[in-house]
Number of protein chains: 2
Amino acid sequence: MHDGDYEGENVEPNDRKLLCEEWASYGVFYKYQPIDLVRKYFGEKIGLYFAWLGVYTQMLIPASIVGIIVFLYGCATVDENIPSMEMCDQRNNITMCPLCDKTCSYWKMSSACATARASHLFDNPATVFFSVFMALWAATFMEHWKRKQMRLNYRWDLTGFEEEEDHPRAEYEAKVLEKSLRKEHKHKETDKEKLTWKDRFPAYLTNFVGIIFMVGLTFAIVFGVIIYRISTAAALAISSTPSGRSSVRVTVTATAVIINLVVIIILDEVYGCIARWLTQIEVPKTDKNFEERLIFKAFLLKFVNAYTPIFYVAFFKGRPFQGDYVYIFHSFRMEECAPGGCLMELCIQLSIIMLGKQLIQNNLFEIGIPKMKKFIRYLKLKRQRSLDHEEHMKKKQRYEVDYNLEPFAGLTPEYMEMIIQFGFVTLFVASFPLAPLFALLNNIIEIRLDAKKFVTELRRPVAVRAKDIGKVILLLILRSLFTLVAQAFVISFTSDFIPRLVYLYMYSENGTMHGFVNHTLSSFNVSDFQAGTAPNDPLDLGYEVQICRYKDYREPPWSENKYDISKDFWAVLAARLAFVIVFQNLVMFMSEFVDWIIPDIPKDISQQIHKEKVLMVEVFMREEQGKLQMLETWKDKDKRKGENCNNHSPRLSRSRSGSLSSCHSYPLDV
Amino acid sequence: MHDGDYEGENVEPNDRKLLCEEWASYGVFYKYQPIDLVRKYFGEKIGLYFAWLGVYTQMLIPASIVGIIVFLYGCATVDENIPSMEMCDQRNNITMCPLCDKTCSYWKMSSACATARASHLFDNPATVFFSVFMALWAATFMEHWKRKQMRLNYRWDLTGFEEEEDHPRAEYEAKVLEKSLRKEHKHKETDKEKLTWKDRFPAYLTNFVGIIFMVGLTFAIVFGVIIYRISTAAALAISSTPSGRSSVRVTVTATAVIINLVVIIILDEVYGCIARWLTQIEVPKTDKNFEERLIFKAFLLKFVNAYTPIFYVAFFKGRPFQGDYVYIFHSFRMEECAPGGCLMELCIQLSIIMLGKQLIQNNLFEIGIPKMKKFIRYLKLKRQRSLDHEEHMKKKQRYEVDYNLEPFAGLTPEYMEMIIQFGFVTLFVASFPLAPLFALLNNIIEIRLDAKKFVTELRRPVAVRAKDIGKVILLLILRSLFTLVAQAFVISFTSDFIPRLVYLYMYSENGTMHGFVNHTLSSFNVSDFQAGTAPNDPLDLGYEVQICRYKDYREPPWSENKYDISKDFWAVLAARLAFVIVFQNLVMFMSEFVDWIIPDIPKDISQQIHKEKVLMVEVFMREEQGKLQMLETWKDKDKRKGENCNNHSPRLSRSRSGSLSSCHSYPLDV
């Protein structure tokens, strides 16, 4: 039950009111959280969550600053970037091949100028540096949190605390009872029943099938959006006026991303409920078990849900890996990335999904829905109450009002939201250096929002002790391994960083980037179009096209094996892969190093603990001795009856027992 | 001091004799070691070393068995291996380019038949499987050891034990005293002096320079051996009869490896001494510090020493990375690997170094030298004694005999030997599947040898408590990360596994390996020899050669860019790099999984510890209550004088104190 009112002038001060003023309000966003008070009011577990959130938010500040600098560096150098200058140069006049079959026509390279310039903002050498920085940042964050946790453990006196065996959940007990009742008819055994693997098999099977099905559903939806994008692009290309055609890509990308976003947000909620249901039918033994199983399931589902479209753009879009264009259903040609590189599209996708998800989930779900539920419950109660008028007149007690609040549903969704966000910040940071900034802004609000929710919108949860944030840290570590690989792949495969380096060192004649754009484009003879794929309107640009260019490393039409993968392709691929190996191992080594040089336990805390241990042993010894002395004293007294107390004091003062064994107080006599 | 005699019939039984019979003898090699007795006699630290050695040896058994199976698989399939069959086929009649300038002549591919067949023994798909297996084996070994350590900690009652601050070493105290004396002349300060970074700077500098110098020395020696190999090969090629020419490679390789081996063994001892000296001049504060610093230095030096020639063969030999042949000093052409692949040579190198190092170091240094030293000391003492005859007649006391023994020099060399061996077992296991077997055989002897040394050849060391094997485990973990990368590179770059796969899936016409040998060879037109590099004896094979072949992926002489790197080269390189990424991440993930599913603390031990904790709390409570009761009893007695003891018993039995508070014994009154 909550402490009391938190609003109104004439309310006596209580913890809830204090929390509401000093913590759960946006006005104090720049202050440290009153973690100790939170812990006192809500228990260790929730205290740790807010402490973790605080450390995370705090650590986001340097990351945001570096991210902004990297972004500004991109802005400042955009006019010095030779590849984008070459692309924008009207004199180069490169004719590009159509981006889709039949309906699309040839187009000029310079029309993609804006995209090319914009993509430089996110695809420049500084992002590689930023990527390394963020990997090390993640390692530092982990270490920092471990230290903070140790410090809190010490302050909250949890160092010696070990989690005890939880009580079985009621559902589990019921199931066991049911089983033993069923069995009793056959065997009449009396020993305590347990749920075996066999009993749980149907639930496990349901879980497995359910998860596979939902992952499949996510893939299907993403695939559907791709089909939508391809077909809409083709349709729009026919209908629109020539001037509007350039905006086709923007329109299609924007609508597709919004569809993705809406689907992600809806499925996020649905998957949350399904994960909970799947965990319930598994009937885990204890609450802790329940939470662990739930968090893994929720993580898997929400991760797949949030990242599938982003992974598609980062690694699969516009990569006709082998041979000809890839066709889906034999009629839709796979889309290609804009000439500026796929990184730009990845960036758009990422920023919209990240921002949209945060804004909508924060505002709508975290504030709106609890408010709405509260209102509905209030209405219901009112209808009931309208029957008996008498009670209606009386001012309601605080606990009655609080009963209207939403019950507390565990910390899993809160953690999950942060883990997914952590993924946005670290996983694809190479393509979007402003991600930490947005995460920071979100978290500053998020802390106060969650605080408000806990103080005013939810019933007060039962305080639970916890020493650490549990499996969450495991997920983060697991993720950090995965992150490294993903980052390495984003830099080497999605961005143009490696092709540029390869060009600079292997092909460039004068050691500059001049000619890079030309180098990345292959030639196509328009007479080689397969039947039915040539553009309907070949004279769209005003002149007849003989050779058009496309972005790939392939043999030219005049070579022996025309349109075969060229040597350059393999050279660039080898360079990309070599970069992945070097990046991964280097950053892994550096992270290990960070892990190694920062001790897990802060030095002052470990000294303090050591000192306390020594002190405790001393006190214990003293006490023991004191007791011994006392016993002897009593025995002595027994023998030498009538002597008074003071006579013993010289003897006692010789012992180490000090004040504990002073004669007129028996410290153990309480 | 040792317990007493260990030889002779009429010696009363003591621990030393028991250890000597039941542990330090080759006859009991199949038995488990009496670790508890070892711990009792030598202390925890040495006990842990032998326990670790035991676990390692035990874990080597499955690895050896799988290694033997893999080797047998290679033997069984050698006749079905198409590439080696093609190489041996006289009909193919491929003329190869000379392996060195001028003196070497053209040679027939089929003359390398034996090497090609032999190389299949170590270069087949099973070795890839074995490599994965050994990586997981290493992870399992770590986990197994952690569990064993926990179990021993529990059994030896070390669970609560925390290492205390060691006493400063005498050398450190002396140095501090010296410093404070020096300072006293100037400042007359009295507070305790400490060695600062400034005082230690010369020592650190010496260390740094010394280590750099010695690493450089190792590289120089390896380089010298390479020069020796190239020049000898050329010299032998001139002088020998044509029939003996085929044995040139074997002769050169064998002598070079033996030189390497001798150098490694000598430098190993020298580096051991230098590392100790370098650590001594650093003046570390405590013994533990000293050992840590020593072990890192010794590891670095010995690692570089033992592995440099192997790394050279594995990754650098015969790889003219770019452009033309690499020349050293403009006159020595870099050597190439045999046509069967470099893996064969790596295998020879590895097996000779590993076996030779183990045999010589074990026999000569670990048995021979202590025996010799003992003998010398004995002679010295005898000469002294011959002066006073009286004492000479008396039978010597045991401790006098034992004084002749070598003093104990720490466990670092023992651990170091094992860590280097662990490297042979895991690092290049892909090229030599019998390595675990040899390691196993060595260790079975090593355990008893070390045991004998500790019992009979060394003075009894001071027993030291230790909870774990210290920094050794850190080195092993560090190594295991490095191992993965090295293994991945050995498989993908040293062995022909990847080129074969690439050929099978990209070039092979009928899906078999037929034509693979031809595919890996490039053509060279003999008219393109640079001046002074053409063979002196071009008609050596009996016919005129127009086109000779060499092992590389390059454009043929009739192409546009002749002798340029071909597309195949880049494709194979990309495949090799992709394999490294997949292998590394897959095995890393699997190792993490092994780490995760095997709990660090065995379940029975953790339950036991938990139970004991509960029990201890209970006993403590009981005792406290007992004491309280006793105090009350005395007070009661004080009040109701004259009442006898039995009256109290009903009241006492109500308490939980049980036997502790029985009336006629005061348990705290000892």
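B:A139 is located in helix α6 (residues 125-155) of chain B, where helices (H or I, at least four residues) and strands (E, at least two) are DSSP runs numbered from the N terminus. With a relative accessible area of 14%, B:A139 is buried; the term buried denotes under 20% relative accessible area, exposed over 50%, and partly exposed the range in between (1.4 Å probe, protein chains only). Apart from neighbours within four places in sequence, B:A139 is in contact with B:S591 and B:V594, contact being defined as heavy atoms within 4.5 Å. The C-alpha atoms of B:A139 and B:K453 are separated by 31 Å, the two residues being 314 residues apart along the chain.

The model is predicted: local features need pLDDT of at least 70, side-chain atom pairs count only at pLDDT 80 or more, and totals for chains, interfaces and linings use all residues. Residues are numbered from 1 along each chain as its sequence is written, chains are lettered from A and ligands numbered from 1 in the order in which they are written, and side-chain values use heavy atoms, with hydrogens and water left out.

A relative accessible area of 6% makes B:A486 buried. Leaving aside neighbours within four places in sequence, the contacts of B:A486 are B:F315 and B:L427. From B:A486 to B:V580 the C-alpha to C-alpha distance is 9.4 Å, although 94 residues separate them in sequence.

The discussion now turns to two helices of chain B. Helix α14 covers residues 412-427, 16 residues in total, and reaches 21 Å from its first C-alpha to its last, close to the 22 Å expected at 1.5 Å a residue; the expected span is 1.5 Å times one less than the number of residues. Because 15 of its 16 residues are buried, α14(B) is largely enclosed by the rest of the structure. Helix α10 of chain B, residues 287-316, has 30 residues and reaches 41 Å between its first and last C-alpha, close to the expected 44 Å. In α10(B) a kink of about 45 degrees lies at B:Y307, shortly before the proline B:P309; the bend at a residue is the angle between axes fitted to the seven residues ending there and the seven starting there. Since 21 of the 30 residues of α10(B) are buried, this helix too is largely enclosed by the rest of the structure.

Chain A also has a helix α10 at residues 287-316, with 30 residues and a reach of 41 Å from first C-alpha to last, close to the 44 Å expected. A kink of about 45 degrees is found in α10(A) at A:Y307, shortly before the proline A:P309. With 21 of its 30 residues buried, α10(A) is mostly covered.

For chain A as a whole, the secondary structure comes to 21 helices and six strands. Of its 670 residues, 49% count as buried. Among contacts in chain A with a separation of 6 or more, 79% are between residues 24 or more positions apart.

A:D268 lies in helix α9 (residues 248-282) and counts as buried, at 5% relative accessibility. Not counting residues up to four places away in sequence, A:D268 touches A:K302, A:N305, A:K357 and A:Q361. A:N124 lies in the loop between α5 (113-122) and α6 (125-155) of chain A, and its relative accessibility of 2% places A:N124 among the buried residues. A polar atom of the A:N124 side chain lies 3.0 Å from the backbone oxygen of A:H120, and the backbone nitrogen of A:A126 is 2.9 Å from a polar atom of that side chain. Beyond four places in sequence, A:N124 touches A:Y73 and A:G74.

Finally, the interface joins the two chains. The size of an interface is often given as the accessible area lost when the parts come together. Chain B and chain A bury about 3500 Å² between them, 67% of it on carbon and sulfur atoms; buried area is the accessible area (1.4 Å probe) that two parts lose on being put together, summed over both. In chain B, B:K567, B:W570 and B:W634 lose the most area to chain A, together 18% of what that side buries. In terms of contacts, 38 residues of chain B meet 38 residues of chain A. Across this interface the rule finds zero salt bridges, a salt bridge being a side-chain nitrogen of Lys or Arg within 4 Å of a carboxyl oxygen of Asp or Glu. Two residue pairs are in polar contact across the interface, both at pLDDT 80 or more; a polar contact is a pair of N or O atoms within 3.5 Å, and within protein one must be able to donate a hydrogen and the other to accept it, while residues adjacent in sequence count only if both atoms are side-chain atoms. On the side of chain B that touches chain A, α16 (471-494), α19 (567-597) and α20 (603-639) each supply at least two residues. The largest share of that side, 14 residues, comes from α19(B).
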